[in-house]
Amino acid sequence: MPTREDVESFLLRMELEHDEVEPGMYLVRTAAGDAPLVMSVSPPLVVFRLKVMAVPADEERCGDLFRRLLELNATDLVHAAYGLEEGDIILTESLEMENLDFNEFQATIESFQLAVATHAETLAAFRA
């Protein structure tokens with residue numbers, strides 16, 4: 001099973017800027033928006049989370065936004081999903097460490113970058 005050091009070597013191999021803020025928790029700077037990707041190595045999982053935007057204060061807009069996010073979850077995202085956390089819209093995905101390899105890790109990072117890039121215009125209409 002890959003270790004925390006293996007996961008860090010994947011970050012280095014992808015030449016991604018990152019900081020280990022506590023053992024097993026990394027802030028990774030990618031092309032996926034302004035906020036860093038938070039990656040947590042917590043065996044048996046590696047969890048990826050990215051703050052996409054704040055939830056709008058207007059409840060009517062929230063309903064439309066949540067509907068659109070559910071549609072994107074169903075049509076555009078393979079493994080990752082949009083969710084809510086403490087007033088923020090996040091993009092999240094978990095991978096099992098047992099069989100984790102570089103290709104799966106790289107695909108996850110790139111899927112976050114692609115989702116943020118392709119959904120940016122759609123979500124911009126809902127920004128507060």
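Helices (H or I, at least four residues) and strands (E, at least two) are DSSP runs, numbered from the N terminus. The model is predicted: local features need pLDDT of at least 70, side-chain atom pairs count only at pLDDT 80 or more, and totals for chains, interfaces and linings use all residues. Residues are numbered from 1 along each chain as its sequence is written, and side-chain values use heavy atoms, with hydrogens and water left out.

**Exercise 1.** Find which strands pair with E6, and in which sense.

Solution.
- Two strands count as paired if DSSP finds at least two bridges between them.
- Strand E4 (residues 45–54) pairs with strand E6 (residues 88–96) in the antiparallel sense, over 9 bridges. Within this pairing, Phe48 has Glu93 of E6 as its bridge partner.
- Strand E5 (residues 81–85) also pairs with E6 in the antiparallel sense, over 5 bridges. Here Ala81 has Thr92 of E6 as its bridge partner.
- E5 and E6 form a hairpin with 2 residues between them. Glu86, in the turn, has a positive phi of about 45°.

**Exercise 2.** Describe the salt bridges that Glu71 makes with Arg67 and with Arg68.

Solution.
- A salt bridge requires a side-chain nitrogen of Lys or Arg within 4 Å of a carboxyl oxygen of Asp or Glu.
- For Arg67 and Glu71, the closest N and O atoms are 3.5 Å apart. The two residues are 4 apart in helix H2, so about one helical turn separates them.
- For Arg68 and Glu71, the N to O distance is 3.2 Å. Both lie in helix H2, 3 residues apart, about one turn of the helix.
- For accessibility, buried means under 20% relative accessible area, exposed over 50%, and partly exposed in between (1.4 Å probe, protein chains only).
- Arg67 is exposed at 58%, Glu71 is partly exposed at 32%, and Arg68 is partly exposed at 26%.
- Elsewhere, salt bridges that share partners join Glu17, Asp19 and Arg29 into one network.

**Exercise 3.** Locate the salt bridge between Glu17 and Arg29.

Solution.
- A search of the whole structure finds 7 salt bridges.
- In one of them, the side chains of Glu17 and Arg29 meet at 3.5 Å, N to O.
- Glu17 lies in strand E1 (residues 17–22) and Arg29 in strand E2 (residues 25–29), so the pair ties together parts that are 12 residues apart in sequence.
- Glu17 counts as exposed, at 55% relative accessibility, whereas Arg29 is partly exposed, at 35%.
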